[in-house]
Amino acid sequence: MDQDKVKQLKQHEAADPPTGDCFRQGALAAWPICLGFVPIGLALGVLAQQAGLPAWAMAMMSVLVFAGSSQFICVAMLAAGAAAPSIVLATLMVNLRHALMSSALAVHLRGVDRWFLTLFAYGVTDESFAVNMARFRGGSWSRWSALAVNQLPNLTWIAATTAGALIGQFIPPGALGIDYALTAMFLCLLVFQLQSRLFVAVGLIAAVVALLWRWLIPGDSYIVGASAVAATAGYLLKRWREGRR
Amino acid sequence: MSWLDYLLLFAAMGLVTYIPRWLPLLYLAHRRLPQGLIDWLGFIPAAILSALLAPILFSDPASRALDLGKPELLVAAPTLLFAWKTKSLGGTVIVGMLLYWLAGKAL
């Protein structure tokens, strides 16, 4: 099939209207993310409440900034009395990695209209990204299902963080291993990505580079830095192997 | 902080969060990408997840130096095995939380 036919096909797929089935499939893929977001969101709400944020401010932050790790950092910085510009800068640094994720997602959203992309971008997180990439690679994953995977955890997140700020003081710290929800989620999402030994190699390189980079350089640049180094290594390894055949 | 202070702070944070998610999608979805770039981007998920996980499992939060004795790492082994065998995200989150909670009780 030549490139233009592929493009036509993609555009035809892109024109597919949303159906209830798309939403159902998206919800089935999204529920584990939602489950993981409940304890993490509650934990964030508790911390925010302890840092002196009113519950309405917590809700406002989750609606405007759907990005867990930078919200944790924001709460910690507010508690430490940091100025607004430095909080915004930290947010930018932590969330730059999503530019890489959106670039990777764009490969699977070729020719999709800009309004959809504008709505879709709002819900791109580490978790929804990893789930959607695995599904897109498996084929026959509708963009509407992918949108549901982005937005259902978002609604869960807003509800969980707000609830945490409201009822947080009744939850003892570390109860039921809530601190580990995000780590367990990342571990499983990583397993989804390891499709061949090449991907395992990329994961190992990223881990080693991240540890070294984070040890040597202050701040959070290690996330984007180590990811770019490891992906480049993976690309070179792939080309080298193809060249040997 | 007043209502307006919060709104301005969160709106600015929202903007710097949204733009890196939005611009690459908007720009790249309407370009024909070279195969090399597509391959490179295909490695990004595994790379980012590893880069996020490695410090949680292997390094001391304060000094950022290597630490191979963290309960996070101990619990990661059976959690990873469970994820590998079942491919269940929800199950892995529950099992990981339970094991970490038990490890906290035991250690």
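This is a predicted model: local features need pLDDT of at least 70, side-chain atom pairs count only at pLDDT 80 or more; totals for chains, interfaces and linings use all residues.

Trainee: How many helices and strands does chain B have?

Mentor: Chain B has four helices and zero strands.

Trainee: How is the overall extent of such a chain judged?

Mentor: One compares the radius of gyration with the value from the globule rule, 2.2 Å times the number of residues to the power 0.38. For the 107 residues of chain B the rule gives 13 Å, whereas the radius of gyration is 20 Å, so chain B is more spread out than a compact globule. Along the principal axes, its C-alpha atoms fill a box of roughly 50 × 50 × 30 Å.

Trainee: What share of the residues of chain B count as buried?

Mentor: The share is 45% of 107 residues. As for contacts with a separation of 6 or more, 26% of those in chain B join residues 24 or more positions apart.

Trainee: At what angle do helix α6 of chain A and helix α2 of chain B pack?

Mentor: The angle is about 140°, and the axes lie 8 Å apart. Angles over 145 degrees would count as roughly antiparallel; α6(A) and α2(B) are therefore oblique to each other. Their crossing is left-handed.

Trainee: Which residues make the contact of α6(A) with α2(B)?

Mentor: From α6(A) come A:Arg97, A:Leu100, A:Met101, A:Ser103 and A:Ala104, and from α2(B) come B:Leu41, B:Gly42, B:Ile44, B:Pro45 and B:Ile48. By class, these residues are seven nonpolar, two polar and one charged.

Terms used
Residues are numbered from 1 along each chain as its sequence is written. Chains are lettered from A and ligands numbered from 1 in the order in which they are written. Helices (H or I, at least four residues) and strands (E, at least two) are DSSP runs, numbered from the N terminus. A residue is buried if 20 or more other C-beta atoms lie within 10 Å of its own, exposed if 12 or fewer, and partly exposed in between; C-beta atoms are placed from the backbone. Two residues are in contact if their C-beta atoms, placed from the backbone, lie within 7 Å. Axes are lines fitted to C-alpha atoms, for helices over the stretch in contact, and angles run from 0 to 180 degrees between N-to-C directions. Angles under 35 degrees count as roughly parallel, over 145 as roughly antiparallel, 65 to 115 as roughly perpendicular and the rest as oblique. A crossing is left-handed if the near helix is turned anticlockwise from the far one by less than a right angle, and right-handed if clockwise. Ala, Val, Leu, Ile, Met, Phe, Trp, Tyr, Cys and Pro count as nonpolar, Asp, Glu, Lys and Arg as charged, and the others, Gly among them, as polar.
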